[in-house]
Amino acid sequence: MTRRRSAAALALALIVAGCAPDSGKGAGGPPAATVGGNARIAVPRPGPPGEWPMPGGDYSNSRYSELADITAANATKLQVAWAMSTGVLRGHEGQPLVIDNTMYLVTPFPNVAYAVDLATPGQPLKWRFRPENAQAAAGRACCDVVNRGAAYADGTIFYNLLDGHTVAVDAKTGEQKWRTRMGDVSLGETITMAPIVVKGKVIVGSSGGEMGVRGWLGALDVKTGKVLWRAYNVGPDKDMLIDSSFRPFYAHDKGANLGVTSWVGDSWKRGGGVSWGWVSYDPALNLVYYGTSNPGPWNEGMRPGDNKWTCAILARDADTGALKWVFQVTPHDMWDYDGVNENILVDLEVNGAARKALVHFDRNGFAYTIDRATGEVLVAEPFVHVNWARGIDMKTGRPILNPDKLTGEGKLVKEICPSLEGGKNQQPAAFSPQTGLFYVPTVNLCMDFKVRPVSYIPGTPYIGADAPERLGAGGFGGEFIAWDASNGKKLWGIKEPFPLWSGVLVTAGGVAFYGTLDGWFKAVDARTGAPLWKFKVGSGVVGNPITYRGPDGKQYVAVYAGIGGDMGLLIAGDVAANLPYDVRERGTTLPDLAKWTSWGGELFVFAIP
Amino acid sequence: MTAASRHRVAAWVPALALVALTAAVTLALARRGGISAVEAAPSYVPLTARDALARPEPAGPDSIRFVEHPDVYPVGWPSTGIPLALANPYERNATALATGARLYVAYNCIDCHGADGSGSMGPSLADGRWHFGGRPAEVFESIYQGRPDGMPAWGGRISNDQIWMLVAYVRSLNGGRDVSTANFTGLKSRTVERSGH
């Protein structure tokens, strides 16, 4: 998109959002007190601001950095400082870590880890770790062979392998300390998520919601790799680690063994509800937060009931894994609206009252501001065009369904918005305490949905639906929006021709960074959304930008370029050109994407020279 | 050998709807003749080894009995010296193609290889290009013994007869199209409908 067009889109978005067009433009002062409800990061980063020590930057998953050398005034001068090939093609989701002048990277399958010496010119490797990883995993992952990054603690790098293992690698030497088998890849159980480390435990969750597996979250001992607890997301209370301390906020979520009784027969055993997204942690409440995926299969008639606790946000005790509360975002999902998107922990005011909240932009198109101590929904408003539900009933937290958009046996339901990719997918939003705003990379696709019978065959997809997608109203693919979670309002947006699949970084310099599928890496003014700078990187961006201070004292911004994931593999299969025997034709959803980009696997690092 | 004795009824319980659908399909097919109802019905036999990638166990006396064409792939593993000239008994048989298309959905090939083989988690089967060979016997082998990047082994789990029907269907997907050039005009690159996951 040209600068002129995006400026026009911005002006339009401002008008649509009901703001005076000049309320944003160049406004230097702080936002009005009500905007953002004086929000601040609940759990700021413990370490030096020049590092990037965990996947989301901090336990809140804010993706905010205090670094302020790059500002809205000088971002136009950004240039490539260096770049590096990972040697691997396919979807480079996730982000590097930077600790002690060393950058740690994990590639998509085969999940090679690199330690890059930032203190030596030319950025040589300190080590490279090539794990054993079952080749069969490549064909068992639903949505490309992605990996969303590593965690760090006690001189050790922890990450997950696609074939269901978690590994610990010595951060100094690159030697494997331990390796634990967490999932069964022969059943289609893979792992793609980035773990976090909480109080001596590596927190890990599974993928495979399209393969009829049963989801779980596990905690491994950082020292030994021993599984300290494993909590299923579906099934009997015993498996789910539900005891008398379980206090869901809503009456309909109370009762024994709902993870079984909200299903028919033993359908819960292959019911999905995996946890492939981001994990947050609040040390004061000692709770870890994460979401669960769609239920399996997509053919809803095969699993009548609420299908608890799929498409839900769960809060667990970090020590024991015991479930403290749960909120089911989309009960009895029939549109593949996984609830795994990140939960950003902020303290803010809602209706004038200070709340400890988490903010969650769900696949189902609603943005939820939730009390993170209790699971009460405080605000729930659509952040993209939504037509499957008319709104959220604030008494129950449940969606008010649109009867015309219910999928099921014997019907072709047209124009469901958002599509199964969601109003937002895995690409994480960011939050800035300076502006009080959330920066959300959204998707504007709608779908038709037709179920078909499906049988469970271990190790094969358990889906039972076809759901072709196309661009939603307005003819754009995605929009980068600024969101006020206190009031549930969009302030402005930047329309993009393709769906957004890259995460966001926002800094104290007042700059927000994101990438696009067609390979642009962009900087925009965090207050106004005014475009500041862009650079065309080597491949579409589905990774998440980070920033760090180099040993030379400079602020750097780093991001993966390497299109893939559901968009790059399944939707636009023709962006690949590396296999003579797998030549895919253009997908109808994004027919021209391959004109702009191809598969790649590079890290790009930018700085002001 | 009676048709019923050829296949043990699977312990695997298909969705009721699927049973109804396939029953209708297979009856219709049976009436048109050529393929018996039992051969056309999807029937997946889980093995004791849970790993679908593990070598398929040779069929024990009590498991499955295979249709005995003189020219089918020999049962067992490893299959030394595959006669590459091996013919597909169902090549260009319209009824078998239609059954193959239904089995392609029933055995979840569709969600790994895409509708009409357009490519998804697994490679495109509609590009006219083959990693492991496109002759009937080679495609049979891909399906029978599986392939290393996650293609499950179906040998011993579904009947050889059904594999041959899948071979016929899969080989028909390209339809002689040349996919070499994409110039985004619609002339030299058509679009195909794919589902995301």
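A disulfide is a pair of cysteine sulfur atoms within 2.5 Å. Keep that rule in hand for the first stops. The model is predicted, so local features need pLDDT of at least 70 and side-chain atom pairs count only at pLDDT 80 or more, while totals for chains, interfaces and linings use all residues. Residues are numbered from 1 along each chain as its sequence is written, chains are lettered from A and ligands numbered from 1 in the order in which they are written, and side-chain values use heavy atoms, with hydrogens and water left out.

**Stop 1: the cysteines**

Two disulfides turn up over all chains. Select A:C142 and A:C143. Their sulfur atoms lie 2.1 Å apart and form a disulfide. The torsion about this S-S bond is about -105°, so the disulfide is left-handed. Buried means under 20% relative accessible area, exposed over 50%, and partly exposed in between (1.4 Å probe, protein chains only). A:C142 is buried at 19%. A:C143 is buried at 13%.

Next, select A:C417 and A:C446. This disulfide has its sulfur atoms 2.2 Å apart. Here the torsion is about 105°, so the disulfide is right-handed. The pair links distant parts of the chain, 29 residues apart. A:C417 is in the loop between β26 (412–416) and β27 (430–432) of chain A, and A:C446 is in strand β29 (residues 445–451) of chain A. Both A:C417 and A:C446 are buried. Counted along chain A, the bonded cysteines follow the pattern 1-2, 3-4.

Now jump to chain B. B:C109 is in no disulfide; its nearest cysteine sulfur, that of B:C112, is 8.3 Å away. Is B:C109 buried or exposed? With 14% relative accessibility, B:C109 counts as buried. B:C112 is also buried, at 14%.

**Stop 2**

Return to chain A and select residues 511–515, strand β35. Helices (H or I, at least four residues) and strands (E, at least two) are DSSP runs, numbered from the N terminus. Five of the five residues of β35(A) are buried, so the strand is largely enclosed by the rest of the structure. In a regular strand, side chains alternate between the two faces of the sheet. Look at both faces of β35(A). A:V511, A:F513 and A:G515 are on one side, A:A512 and A:Y514 on the other, and all are buried.

Two strands pair if DSSP finds at least two bridges between them. Strand β34 (residues 504–507) runs antiparallel to β35(A), joined by three bridges. A:V504 has A:Y514 as its bridge partner. Three residues lie between the strands of this hairpin, where A:G510 takes a positive phi near 75°.

Strand β36 (residues 520–525) of chain A is also antiparallel to β35(A), with five bridges. A:F513 stands opposite A:A523. This hairpin has four residues between the strands, and A:G519 takes a positive phi near 95°.

**Stop 3: the rings**

Rings of Phe, Tyr and Trp (its six-membered ring) pair if their centres lie within 6.5 Å; planes under 30 degrees apart count as stacked, over 60 as edge-to-face and the rest as tilted. How many aromatic pairs does the structure hold over all chains? The count is 36. Select A:F513 and A:F521, a stacked pair with 5.9 Å centre to centre and 15° between the planes. A:F513 is buried at 0%, and A:F521 is buried at 0%.

For a cluster linked by ring pairs, select A:F249, A:Y250, A:F327, A:W335, A:Y337, A:F366, A:Y368 and A:W388.
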